[in-house]
Amino acid sequence: MSQNQTTIAPQPGIMEISLYEGGASKVAGVENVVKLSSNENPFGPSDKAREAVIRAAHGLHRYPNTDHAGLRGAIGEVHGLDPDRIICGVGSDEIIHFLCQAYAGPGTEVLFTEHGFLMYRISAHAAGAIPVQVAERDRVTDIDALIAGATPRTRLIFVANPNNPTGTMVGLPELERLARAVPQAILVVDAAYAEYVGDYDGGAELATRLPNVFMTRTFSKIYGLGGLRVGWGYGPREIVDVLNRIRGPFNLSNVALEGAEAAMRDREHIARCQAENARMRAWLAEALAEKGVPSDTSCANFILARFADAETAGACDEYLKTQGLIVRRVAGYGLPHCLRITIGDEASCRRVAHVIGQYMAERAESR
Ligand SMILES: Cc1ncc(COP(=O)(O)O)c(C=O)c1O
């Protein structure tokens with residue numbers, strides 16, 4: 001053992017964590033790449049959010065406020081929710097982390113679905129809890145399987161709705177059925193992609209009405225602020241009170257608070273991004289299907305393109321890279337034969353469809 005190597009062991013679970021890898025943004029030797037690997041908004045944030053961030057820079061010598069009242073007020077107004085039942089975090093990742101830290105721990109279980117977001121497993125391990133993965137049915141959350149998978153030790157059930165990376169979702173009555181069947185656990189409806197669905201409140205009404213439903217949301221997707229790191233959660237007052245006790249008082253910077261508040265208030269920008277995403281999502285799904293690459297109907301800002309097998313998907317990914325297109329492999333989510341493709345602007349969607357078409361044609365010819 002080298003002299004500076006510690007023998008002090010970390011808390012149980014920590015060494016089980018596999019580090020999360022973000023979507024790649026570079027390809028060696030290729031210029032002008034298009035990044036379609038992190039479900040970012042291709043149009044970026046509202047101009048009003050950019051201006052607010054620049055204005056906030058004048059106050060960088062001041063600590064931010066600790067209660068996030070301005071931002072919570074704006075979220076409450078826009079969504080028709082009580083600001084006292086809202087908590088803001090460094091991305092929804094931090095809210096997920098708070099939930100595990102507060103409610104899970106050694107001897108408890110945290111449930112999530114087969115192709116669920118990787119942070120659930122990571123945050124469960126970080127809390128020393130046992131992560132339990134439950135099968136989906138044809139890449140869709142299976143409520144009966146979650147109910148069957150719950151035990152008296154289950155404290156949290158995470159359901160991303162729509163889910164990443166499948167893009168599929170289940171109806172609110174199904175989520176209510178789950179919450180009612182597992183009163184010993186908090187059902188966390190992760191609604192990071194809610195704005196892309198259309199007529200959907202992300203589980204807000206359920207979280208208003210039921211004592212064991214909590215909703216998480218983010219500014220990283222349709223608000224185009226992934227780099228600012230702001231998310232929020234909404235639910236029963238008691239849960240918000242618990243989470244606030246472990247939240248660092250200055251977890252969000254002035255810049256993050258001001259930028260997110262301005263972004264929340266600019267509804268026109270959000271409406272434009274929603275419309276454009278819906279248009280290009282339908283176009284891309286159809287264009288790929290015509291080229292022999294099917295996908296499930298997506299409710300989010302990406303589609304999960306399905307190939308014959310893992311080898312075909314991997315080779316297609318390599319081919320896309322040579323053409324400057326970065327998409328996401330999802331083998332880590334149990335989907336090695338799929339590629340997740342973020343809905344970019346029209347030019348990017350046309351480019352990715354064209355290149356996948358080329359790849360499929362070349363592959364067919366070489367057989
Ligand atoms: C389902 C889901 N939940 C939560 C997040 C975390 O988002 P953030 O921490 O940026 O708010 C993501 C990000 O990709 C996601 O896909």
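Student: Is Leu146 buried or exposed, and what is its relative accessible area?

Tutor: Leu146 is buried, at a relative accessible area of 0%. Buried means under 20% relative accessible area and exposed over 50%, with partly exposed in between (1.4 Å probe, protein chains only). This is a predicted model, where local features need pLDDT of at least 70, side-chain atom pairs count only at pLDDT 80 or more, and totals for chains, interfaces and linings use all residues. Residues are numbered from 1 along each chain as its sequence is written, and side-chain values use heavy atoms, with hydrogens and water left out.

Student: Which residues is Leu146 in contact with, leaving aside neighbours within four places in sequence?

Tutor: Contact means heavy atoms within 4.5 Å. Leu146 touches Leu111, Phe112, Thr113, Val134, Thr141, Ile157, Val159 and Leu178, those neighbours aside. Leu146 itself sits in helix H5 (residues 143-149). Helices (H or I, at least four residues) and strands (E, at least two) are DSSP runs, numbered from the N terminus.

Student: How do I read the sides of a helix?

Tutor: An α-helix has 3.6 residues a turn, so residues three or four places apart point the same way. In helix H8 (residues 237-246), the buried residues are Ile239, Val240 and Leu243. They cover an arc of only 100 degrees around the axis, so they lie on the same side of H8. The arc is taken from the directions from the helix axis to the C-beta atoms. Exposed Glu238 and Arg245 are on the face turned away from the buried side.

Student: What covers the buried residues of H8?

Tutor: The cover includes strand E2 (86-89), helix H3 (91-103), strand E6 (186-190) and strand E7 (213-218).

Student: And the faces of a strand?

Tutor: In a regular strand the side chains alternate between the two faces of the sheet. In E2, Ile86 and Cys88 point one way, Ile87 and Gly89 the other, and all are buried.
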